[in-house]
Amino acid sequence: MSSEIAQKPTGRLLSIDALRGFDMFWIVGGEELIKAIAERTHSRAGHAIVEQLEHVEWQGFRFYDLIFPLFLFLVGTVLPFSLGRIEQSGRAAAFARIARRTAMLFLLGLIYNKLLQFDFANLRVAGVLQRIAICYGVAAVICLNTRVLGQVILLLAILIGYWALLTYVAAPGGIAGDLSKETNLAGWVDRHFLPGKIYQAYYGFGDNEGLLSTIPAVGTALLGVLAGQVLRSGASPSRKILGLLTMGAACLGAGWSWSFSFPLIKNLWTSSFVLVAGGFSLILLALFYAVIDVIGWKRWAFFFVVIGSNAITIYLASSIVDFASIAQFFLGGTIRLSGGWGPVVLAAGVIAVEWVFLLFLYRNKIYLRV
């Protein structure tokens with residue numbers, strides 16, 4: 001990765017960093033902590049919460065299905081701010097920076113997938129960072145070359161076009177509109193055209209970050225761009241909050257209604273899924289913006305801001321650094337003496353070690369950028 005050690009940009013909205021940190025918290029340990037507490041307490045409410053921390057097997061929507069689209073949404077949200085600054089250096093420089101960031105994010109994704117083991121027969125080319133890279137690059141180019149109306153039109157074209165593709169085009173040997181796990185069109189395309197190994201942990205008949213499903217994922221980033229346009233506008237804070245909430249409610253309503261004919265399927269990133277996940281993302285952004293940047297209640301958010309300021313860093317570090325072993329080293333005795341609460345202490349310790357690492361970076365104004 002081409003990284004810079006740089007000062008954090010001034011004038012940015014703290015709520016975006018906090019929401020990104022809230023999102024990453026669940027990825028880097030929050031899920032394990034809540035599950036450990038639920039396992040220890042055996043409460044009915046705890047088990048209901050744990051169920052929300054598992055992906056739906058195929059069709060439907062749970063809280064944990066929001067985590068990745070929320071991150072993509074926030075990738076889009078910052079674009080109107082960041083590109084506004086970059087464009088001052090000239091359009092050529094802006095396009096060059098977009099291309100560099102896209103390429104470096106994609107390369108990071110390959111490294112995360114063990115590119116440096118040189119086991120190319122088992123290398124997964126698709127992945128989370130790769131999808132972020134593509135969505136960032138496409139959304140950034142769109143943001144740089146269109147106004148709000150153009151962005152809305154392109155978003156609708158993506159969602160309707162993807163619906164039409166999966167509804168009216170059949171996989172060879174299949175039938176049009178088949179969205180089943182084994183024989184859907186997106187899975188067939190992945191099996192026949194996606195380079196590298198298909199990720200088997202989810203549904204195995206296609207990649208959950210596959211080729212066709214990346215198209216509507218760009219729509220998720222574009223929803224974030226539209227949210228960023230609202231926040232960057234000259235409207236009053238109350239109008240911005242109302243605008244985000246209205247957009248969120250409209251997306252939720254449209255998505256749930258559409259889901260009766262075009263189901264919510266995260267692995268296929270269906271258009272209804274884009275709208276429902278985008279609706280929740282818009283509402284969360286409105287709440288975080290209202291509480292943190294408008295009302296000014298910021299202290300509670302510091303924990304999440306520290307995580308959100310170096311989200312990519314902790315995502316990569318968690319696959320390289322054994323934070324659990326570090327937590328065990330410092331808390332081994334406490335864990336042993338905690339009896340049945342030991343797994344809870346360990347899970348909290350892992351989060352604490354990760355957070356102290358990120359706090360060191362934050363205090364020293366070290367931010368990993370691509």
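Reply: By class, the lining of the largest cavity has seven nonpolar residues, no polar ones and one charged residue, where nonpolar covers Ala, Val, Leu, Ile, Met, Phe, Trp, Tyr, Cys and Pro, charged covers Asp, Glu, Lys and Arg, and the others, Gly among them, are polar. This is a predicted model, in which local features need pLDDT of at least 70 and side-chain atom pairs count only at pLDDT 80 or more, while totals for chains, interfaces and linings use all residues. Residues are numbered from 1 along each chain as its sequence is written, and side-chain values use heavy atoms, leaving out hydrogens and water.

A cavity is a set of points on a 1 Å grid where a 1.4 Å probe fits but cannot get out, and its lining residues have an atom within 4 Å of a point. Counting those of 30 Å³ or more gives one cavity, and the largest cavity holds about 40 Å³, a volume being the space filled by probe spheres set on the points. Its lining consists of Phe 25, Val 28, Phe 303, Ile 307, Ile 351, Glu 354, Trp 355 and Leu 358. At least two lining residues come from each of helix H1 (14–41), helix H12 (302–308) and helix H15 (342–363), helices being DSSP runs of H or I with at least four residues, numbered from the N terminus. H15 gives the largest share of this lining, four residues.

Elsewhere, there are seven salt bridges, each a side-chain nitrogen of Lys or Arg within 4 Å of a carboxyl oxygen of Asp or Glu. Side chains of opposite charge can pair when their charged atoms come close.

Because Glu 209 lies in the loop between H8 and H9 and Arg 124 in the loop between H5 and H6, the pair ties together parts that are 85 residues apart in sequence. Glu 209 is buried, as is Arg 124. Helix H9 itself (residues 211–232) is mostly covered, with 18 of its 22 residues buried.

Notes:
On a 1 Å grid over the protein atoms alone, a cavity is a set of points where a 1.4 Å probe fits but cannot get out, and a pocket is an open set with protein on both sides within 12 Å along at least five of seven lines; lining residues have an atom within 4 Å of a point. The expected span of a helix is 1.5 Å times one less than its number of residues. Buried means under 20% relative accessible area, exposed over 50%, partly exposed in between (1.4 Å probe, protein chains only).
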